[in-house]
Amino acid sequence: MTAPARRRAGAEVRAALWLQSRDIVHLGGRRLLGPSLVAAYLGVGGLLVLGGLVVHGQYHRLPLVELFTPIWLLWAVLPAVGAGGGSLDAATSLAPYPTGPAMQLTASWAAGLVDIQYVLPLPVLFAAAAADVGVTGLIGAVAFVAGASALGQLAGWLSVAGVRAGRGQSLAITGLAVLCLGLLAVSHRSDAAGTRRLGAIPPTRWLAAGSHAAARGEWAAAVGWWGLLASPVLLLGAVGPGLVRRATVARLAGSVSRATTRSFGPSPAGALAAAAWRGIVRTLSWRAALLAVVAIPFLTALLAHPLTARTLASVGLVSAGATLAANTWSFEAGGTALLLSAPLRRRTVVLVRSAVLAAALTVTLAVAAVSALVSAPLRVAPADLGYAACVLVVVTVAGMRTSISSATAADVDSLRARPASLTAVLTFGGRCLLGCLLLSAGWSLGVLGVLTAAVGTIGYAAWALRGTHRRLTDGATLLAAFATVR
Amino acid sequence: MRSGLEVAGLTRRFGARAVVDGLTFTAAPGTVTGLLGPNGCGKSTTLKLLAGALVASAGTAHLDGAPLGVNQVATKAVTGFIPDVGGLFPRLSGREHLELTARLYQLREWRRRAEELLDVLDLRDAADQRAGTYSHGMSRKLSAAVALLPPTRLLLADEPFDGVDATGIDTLAELLADRAADGTCVLVTTHLLGVAETLCDSVHLMYDGRLRARVTGDELPDLGHTYRAVLGAAREDHGR
């Protein structure tokens with residue numbers, strides 16, 4: 001790379017990080033909220049690491065491998081099927097600027113690292129590494145995060161850069177990845193004793209090996225393992241820019257597909273519902289969300305224990321919701337101006353949108369359930385159906401509320417259509433996590449707990465939909481969010 | 001007897017700033033009224049308030065005596081709106097937009113009118129393509145077709161000629177004039193002084209959220225000169 005090219009790439013990386021920092025500064029639309037939350041997060045994380053250092057040496061080896069294998073898969077593999085991996089800046093909004101792949105790559109990587117799937121496990125990872133090996137364990141943890149997230153970026157960009165030139169090929173790589181996972185899962189299903197389970201995957205073994213080598217004072221070996229862990233960063237540096245260039249061109253080219261016109265039905269609400277449904281299912285994000293929920297049971301079946309019905313409902317719905325629910329108004333984009341001026345009550349618009357979103361999420365859950373049944377035996381009790389219904393309601397209304405209070409034009413025609421703002425990522429993730437935790441607690445407390453949780457869900461739904469209705473009454477938020485969309 | 005559009009003290013604030021500040025005017029049925037002013041003077045916000053997309057901070061607006069507003073479904077059903085940007089669902093085709101509009105406005109005989117609009121606005125070839133793939137000018141034409149499909153009593157057109165080709169501008173201006181001739185009250189914003197001179201029966205000049213002057217009849221051919229004079233005076237006022 002020549003010196004001017006290096007300077008250009010450096011400037012782009014700085015610009016991307018500055019843009020990401022703006023997101024944090026403006027978190028929740030309040031001036032000091034973002035910096036305060038970041039300070040609190042770093043404080044709590046620091047305390048956890050300090051705690052890890054204090055207990056270091058008091059216990060036998062911690063089960064790092066078992067603990068971090070699922071996390072590695074979440075960070076490094078799931079972006080290949082359209083889940084996580086950071087959001088993409090709309091290719092059209094950056095296209096007029098003299099920016100290259102370094103900016104897109106850094107922006108996507110930085111957005112991924114502040115996603116809920118990193119924000120939650122990171123302090124635990126660092127604290128566990130500190131408790132296991134001491135201060136030097138933190139080096140291994142950093143290498144682990146860097147390597148896994150770099151692989152996730154590669155997987156994510158490969159899935160959007162892949163073969164998008166021709167019609168019908170847009171999801172070929174993602175579909176192929178899911179098919180391979182499915183075949184592996186089905187072949188493992190016949191292995192009754194479970195002896196051929198994948199178990200620990202190499203990168204988490206390398207993390208443990210590096211930690212143990214450091215603990216024994218074998219520094220050359222430790223540095224070798226850590227280097228191996230972080231090596232995907234070099235691969236990303238070498239291959240990433242090419243992938244980003246290809247993906248950007250493919251996304252800017254867009255689709256010219258014709259729409260199959262079918263009747264909307266006679267009633268205004270029915271027509272609105274049909275339009276909203278078509279707006280969702282005609283996107284790449286919809287198909288990517290379906291593939292992602294199909295992949296989840298396959299992955300978990302391969303790893304260790306198959307998912308229980310309740311975990312499947314929580315993980316499947318929240319994962320699909322991160323694409324479909326937290327972005328729900330982005331699927332309408334410029335059409336919101338038509339919606340707001342149409343002869344419809346705002347209440348009708350909110351209720352119809354919620355019903356369509358719930359229907360779309362139900363389809364993803366049904367698909368995830370079929371995939372779970374294929375990969376491993378799945379036992380479903382009537383109480384599990386009630387739990388799934390409550391999670392469905394929580395994810396739907398959390399998405400409606402998040403998507404209108406933090407409305408931005410997410411690129412729903414990319415495989416990684418996550419909410420476009422950090423506020424939306426954190427609030428949607430936080431609301432769903434809290435909801436699932438409370439519902440699980442309710443379901444573990446017998447009939448009274450279930451009833452309380454169900455009543456709580458109805459109350460939350462009423463509150464969230466009322467908030468959505470209030471926000472929609474004055475269309476300023478949505479009109480401003482989509483002001484640049486034709 | 002229809003009274004047309006009556007706007008009284010219409011105000012919209014964003015935070016402390018009044019983007020539309022006490023607007024009062026009337027527009028008779030069967031006329032084309034223009035709103036002219038520099039960027040950011042509140043024209044688009046005014047039209048969004050009248051279309052029920054935004055809530056007014058103060059003031060009222062009535063169409064033939066009935067209130068206009070966010071949840072005034074009855075008046076919305078007789079109001080067409082061409083927004084300045086957007087107004088289209090990117091993943092619905094042009095023809096689907098027209099059908100959706102027909103359903104939302106509960107129209108019975110609409111297919112022939114829809115095909116006529118597609119023809120006259122030169123959209124027939126692209127009618128089955130998704131709106132997200134349209135050029136800017138085609139999007140504007142489709143937005144116009146959507147607003148012109150229902151037989152409305154008020155038609156709000158925000159920069160309808162923006163990005164439209166030369167013949168398209170003529171066609172669109174003709175469609176708006178035809179609609180006014182049918183008794184509709186047409187309110188249009190544009191930066192094209194020539195079009196405003198020929199299309200409008202009267203033009204309101206806006207600056208900083210307020211109406212500064214009204215130009216009608218014989219004064220219209222000299223609209224450009226009046227516009228520059230009024231704008232200069234308003235800027236001086238604002239500077240003080």
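Strand 3 (residues 32–36) and strand 8 (residues 185–189) of chain B run parallel, joined by 4 bridges. L35(B) stands opposite T189(B) in strand 8 of chain B. Two strands pair if DSSP finds at least two bridges between them. Helices (H or I, at least four residues) and strands (E, at least two) are DSSP runs, numbered from the N terminus.

This is a predicted model: local features need pLDDT of at least 70, side-chain atom pairs count only at pLDDT 80 or more, and totals for chains, interfaces and linings use all residues. Residues are numbered from 1 along each chain as its sequence is written, and chains are lettered from A and ligands numbered from 1 in the order in which they are written.

In chain B, 6 strands make an open sheet with mixed pairing, ordered 6-7-8-3-9-10. Strand 6 (79–82) and strand 10 (210–216) of chain B are the edge strands, each pairing on one side only. From one strand to the next, the twist averages 15°.

Two helices lie across strands of chain B. Angles run from 0 to 180 degrees between N-to-C directions, with axes fitted to C-alpha atoms, for helices over the stretch in contact.

| Helix (chain B) | Lies across (chain B) | Angle |
|---|---|---|
| Helix 1 | strands 3, 6, 7, 8 and 9 | about 150° to strand 7 |
| Helix 6 (166–181) | strands 3, 7 and 8 | about 150° to strand 8 |

Chain B also touches chain A: 37 residues of chain B are in contact with 40 residues of chain A (C-beta atoms, placed from the backbone, within 7 Å). Helix 3 of chain B gives the most to this side of chain B, with 6 residues.
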